[in-house]
Amino acid sequence: DLLVVGSANADLVVAVDRRPAAGETVLGSDLATHPGGKGANQAVAAARLGATTGLLARVGDDPYGRLLLDTQRASGVDTSGVLVGGAPTGVALITVDPSGDNSIVVSPGANARLTPDDLRAAGELLAAARVVSLQLEIPLDTVAEAVATARRAGTRVVLNPSPPAPLPVDTLAACDLLVVNEHEARFLLRDDPAAAEGTPEAWAKALLTRGPRSVVVTLGAAGALAAQGDGTAVRIPSPRVRAVDTTGAGDAFTGALAWRLGAGDDLAEAVRFAVKVGAAAVTRPGAQESYPTAAEVAAL
Ligand code: ADP
């Protein structure tokens, strides 16, 4: 039902007392290796909730690629759309200091080699899905090709423009749903300072003029705003939880939201479900490891 087109990374995490300056070496903790990448995260989030989910991505022919494939399959994701080889698996090199601040270097690796041709070859997967969900950790021209192909096939398109990048206007206009946080909203509205300085309602209104059918703005602990082309906008609060680690909460939210929209929920219903998924994800450490089952969401 849901096809996620996006990135898959191995997150390599080391705790340090302080970051090294140029030319310096510091000792850190044992290395922790976690499956990550926004695409892989969204797919695992939806599959764990019970969605029939596929991932279209590229990983390297190496141990990290196998780790990512294994965790996708263990979560129930169909990995027949995952291409292997061409470059090493993408990695995020993460140091965490005692105050909890991260410094991250991302090596896109195989993610950068997911090409528009790869997408053309996967046209059937895009056409067979009810909804396709994308982010921007793969090349922009690949995202544009996926959006155009999905649209022609009548497949709904959900886009989370993260990390923020200049999107072709046609791509933005072809989305059924744009999902942004505050940072992404302000980036997309960088040519409209008056709107960018306004409220989330003002961001959504301005973004709707760019053509997407609907816009959701995530608001962290405050939940999310759901806005539609007919002018309706509602704020949907998140359940109150004790936040332990917000890593990957946005990906869990968007994966859940895309699935529920494809399953026929209206936008507000789908967002009401997704805020619970996001809230559950922040109550446990990690990204994919923190994602809830449907029963855990129902208990919130
Ligand atoms: P991003 O991580 O992309 O910036 P947000 O921080 O807005 O996205 O989080 C996405 C969703 O996760 C929110 O809409 C909300 O449902 C949930 N969430 C995030 N942080 C919290 C929190 N502290 N308490 C409850 N829910 C949260």
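Me: Over how many bridges do β8 and strand β9 (residues 156-159) pair in the parallel sense?
Reply: Residues are numbered from 1 along each chain as its sequence is written. The model is predicted, so local features need pLDDT of at least 70 and side-chain atom pairs count only at pLDDT 80 or more, while totals for chains, interfaces and linings use all residues. Helices (H or I, at least four residues) and strands (E, at least two) are DSSP runs numbered from the N terminus, and two strands pair if DSSP finds at least two bridges between them. Val131 stands opposite Arg156 in β9, and the number of bridges between β8 and β9 is four.

Me: Which residue of β8 stands opposite Val4?
Reply: Strand β1 (residues 2-5) pairs with strand β8 (residues 131-134) in the parallel sense, over four bridges. Val5 stands opposite Leu134. Val4 stands opposite Ser133.

Me: Which strands stand at the edges of the open sheet of nine strands?
Reply: The order in this sheet is β5-β4-β1-β8-β9-β10-β11-β12-β13, and the pairing is mixed. Two strands have a single partner each, so one side of each is left without a neighbour in the sheet; they are β5 (82-84) and β13 (233-236).

Me: At about what angle to β12 (224-228) does α11 run?
Reply: Axes are lines fitted to C-alpha atoms, for helices over the stretch in contact, and angles run from 0 to 180 degrees between N-to-C directions. Contact requires that the C-beta atoms of two residues, placed from the backbone, lie within 7 Å. Helix α2 (residues 63-74) lies across β4 (53-59) and β5 and runs at about 180° to β4. α11 lies across β11, β12 and β13, and its angle to β12 is about 165°.

Me: Why does Val217 count as buried?
Reply: Val217 is found in strand β11 (residues 214-218). Leaving aside neighbours within four places in sequence, its contacts are Val180, Ala185, Pro200, Trp203, Ala204, Ala224 and Leu225. Val217 is buried because the number of other C-beta atoms within 10 Å is 24.

Me: How many other C-beta atoms lie within 10 Å of Gly220?
Reply: Gly220 lies in the loop between β11 and β12. Its C-alpha atom is separated by 29 Å from that of Asp170, 50 residues apart along the chain. Gly220 is partly exposed, and the number of other C-beta atoms within 10 Å is 15.

Me: Which residue of β7 is the bridge partner of Ala92?
Reply: An open sheet of four strands has the order β3-β2-β6-β7, with mixed pairing. β3 (32-36) and β7 (102-107) stand at the edges with a single partner strand each, so one side of each is left without a neighbour in the sheet. Strand β6 (residues 90-96) and β7 pair in the antiparallel sense over six bridges. The partner of Ala92 in β7 is Val106.

Me: Which helix gives the most to the shell around the ligand?
Reply: A residue is near a molecule or strand if its C-beta atom, placed from the backbone, lies within 6 Å of it. Of the 18 residues around the ligand, Asn181, Thr218, Ala221, Gly250 and Gly278 come nearest. α10 (249-262) and α11 (267-282) each supply at least two residues of the shell. With four residues, the helix that gives the most is α11.

Me: What is the radius of gyration of the protein?
Reply: The protein has twelve helices and 13 strands. The globule rule gives 19 Å for 300 residues, and the protein comes close to this, so it is as compact as a globular protein of that length. The rule is 2.2 Å times the number of residues to the power 0.38, and the radius is taken over C-alpha atoms. The radius of gyration of the protein is 18 Å.

Conventions: Buried ≥ 20, exposed ≤ 12 C-beta atoms within 10 Å, placed from the backbone.
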